[in-house]
Every structure is written in C-alpha cells, then in structure tokens.
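Keep the 3D view open as you read.

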Amino acid sequence: RAIAPFARSAAWRSAVVHRLRQDGVAANASQFGDRAFWESRYTAGRAPREWFLSAGAAADSAAAALLSHRRSGLSAADSPLRCLHLGCGTSNLGGAICDALESEHRLAATVTNVDYSPAAIDVAARRADPRQSYHVWDVTDGSQPPAPPHGSAYDLLLDKGTLDAVLFCGEAPLLGYLAALRRLLAGDGGGGGGGGGGGSG
C-alpha cells in the first residue's frame with residue numbers, strides 16, 4: 001500500500017496528465033484508468049505505440065537491470081530467458097528486449113505479451129516474430145497468467161507504462177496488480193524471476 005500515497009500526489013498526477021495531453025491521448029486523468037477508453041483508442045488505431053521512452057531505450061535498461069540483478073551472470077545455458085510483458089499494448093518492447101539480450105549479451109529470449117485489451121492484442125499479434133506470443137489477460141483481476149514457455153517461471157517482468165494507468169483505476173485494481181507482481185516474482189501462478197524494467201506503450 002506504500003505506493004498509493006504517491007499515486008495521489010498532485011505532482012505525479014500532473015506530470016502524467018501533461019504527458020497524456022502532450023501525446024494527444026487523453027484530455028483528463030479519469031480517462032487514463034478507463035478500460036473502455038483504451039479499447040476504443042486501440043480499435044481506432046489512435047493509441048500511442050510507445051510511452052515515456054522508446055522501446056529500444058527501455059529494453060536496454062531492462063536487460064542491464066536483469067544482468068545486474070543476476071550477479072552470478074547468465075550464459076547461453078540459461079536461455080531462452082522467459083519474459084512477461086505486462087500491459088503490452090501495441091508496443092515494440094517485446095521484440096526490442098529480445099534483440100537487446102541477443103545482440104548485447106548473446107542470450108536468447110522469449111516474450112509473453114499480455115494486455116486486457118483484445119484490440120491491442122489483435123494489432124500486436126500481427127507481428128510475425130516467433131520469439132513472442134500474445135494473450136488477453138488482466139493483471140489486476142487475480143486470474144492466472146499465461147504459463148511461460150520452456151519452464152515454470154518467468155525470468156523478467158516488463159512494465160513501461162501499465163502501472164501508471166493502473167494507479168488511476170482506484171485502490172482495488174492497484175492492489176490486484178501489486179499482488180500479481182508478488183505472485184509472479186515468488187514463482188507462483190506461472191511466473192517468477194529476475195527483474196523488471198521497461199511495459200507497454
């Protein structure tokens with residue numbers, strides 16, 4: 001619950017709303033946490049692909065965080081690494097993290113992309129990338145996530161904007177999101193793993 005007061009701070013909300021308006025996405029904060037709003041934007045092709053920073057920059061940061069967290073190092077024997085991209089939207093982050101791990105660290109990776117928006121998943125899944133899979137899943141509702149391929153736990157959780165939207169949804173979705181992260185990081189319910197960096201859009 002420690003994150004909730006931060007979510008209510010005027011400075012943080014003002015910064016997020018400013019970015020929303022700057023990107024032409026939403027006119028007010030209430031829309032940011034509205035599922036119907038996002039579904040309509042994805043259906044109309046009007047949702048931004050990347051939020052806050054580019055997919056490449058987020059992927060580089062996430063790969064570095066993972067390698068730093070796994071101080072003993074990773075080798076080809078540990079791959080393919082299993083990544084879960086929470087609230088993927090139509091972001092290119094999944095492909096970017098695979099590229100970053102492969103080109104910079106010689107590690108193969110697979111990415112399970114999830115979002116509660118069927119329209120977003122429909123658009124994102126059109127990418128022909130065998131390293132990635134796409135699933136409709138709401139991280140806040142307590143349901144089981146898609147199982148990771150080639151193992152029982154995820155090595156890396158990615159979020160580049162989903163939490164920012166969840167923080168506008170009220171306390172119950174926020175606590176559901178945090179509970180899901182705790183289960184995933186503990187290796188419960190299909191997930192687990194090394195670190196987090198970068199989510200959607």
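**Starting from L101**

Setting aside neighbours within four places in sequence, L101 is in contact with A63, L67, L81, R106, L107 and A109, where contact means heavy atoms within 4.5 Å. Before going further, a word on what you're looking at: this is a predicted model, in which local features need pLDDT of at least 70, side-chain atom pairs count only at pLDDT 80 or more, and totals for chains, interfaces and linings use all residues. Residues are numbered from 1 along each chain as its sequence is written, and side-chain values use heavy atoms, with hydrogens and water left out.

L101 also belongs to the largest nonpolar core, a group of 20 residues in which L81, I97, L101 and L158 touch the most other members. A nonpolar core here is a set of buried Ala, Val, Leu, Ile, Met, Phe, Trp, Tyr and Cys residues joined through side-chain atoms within 4.5 Å. Buried means under 20% relative accessible area, exposed means over 50%, and partly exposed is in between, using a 1.4 Å probe and protein chains only. Two or more residues of this core come from each of α5 (55-69), β1 (81-86), α6 (93-105), β2 (109-115) and β4 (156-158). Apart from it lies another core, this one of 14 residues, including L84, Y154, L157 and A180. As a rule, in soluble globular proteins nonpolar side chains tend to be buried together.

Now zoom out to the chain. Reading from the N terminus, the order is α-α-α-α-α-β-α-β-α-β-β-α-α-β. Of the 201 residues in the chain, 48% are buried.

β1 and β2 run parallel and are joined by six bridges; strands count as paired if DSSP finds at least two bridges between them. How much of β1 is covered? Six of its six residues are buried, with L81, C83 and H85 on one side and R82, L84 and L86 on the other. β2 is mostly covered as well, with seven of its seven residues buried. One of its faces carries A109, V111, N113 and D115, and the other T110, T112 and V114.

Next, some loop residues. R106, one of the contacts of L101, sits in the loop between α6 and β2. R106 counts as exposed because its relative accessibility is 75%. Its phi is near 55 degrees, a positive value in a residue other than glycine.

R131 is in the loop between α7 (118-124) and β3 (132-136). With 22% relative accessibility, R131 counts as partly exposed. Neighbours within four places aside, R131 is in contact with G95, C98, D99, E102, A109, T110 and V111. V111 is 20 residues from R131 in sequence, and their C-alpha atoms are 6.3 Å apart.

Finally, find the largest pocket. Rolling a probe the size of a water molecule over the atoms shows where empty space is left. On a 1 Å grid over the protein atoms alone, a pocket is an open set of points where a 1.4 Å probe fits, with protein on both sides within 12 Å along at least five of seven lines; lining residues have an atom within 4 Å of a point. The largest pocket holds about 370 Å³ of space, its volume being the space filled by probe spheres set on the points, which are joined across faces, edges and corners. Its lining comes to 23 residues, with D115, Y116, T162, A165 and V166 nearest the centre. α4 (35-44), β2 and α8 (162-166) each give two or more residues to this lining.

G161 lies in the loop between β4 and α8, and counts as buried because its relative accessibility is 8%. G161 and E50 are 111 residues apart in sequence, yet 8.9 Å apart in space, C-alpha to C-alpha. D34 is in the loop between α3 (29-32) and α4, and is partly exposed at 35% relative accessibility. Its C-alpha is 7.1 Å from that of C169, 135 residues away along the chain.

Definitions and conventions: Helices (H or I, at least four residues) and strands (E, at least two) are DSSP runs, numbered from the N terminus.
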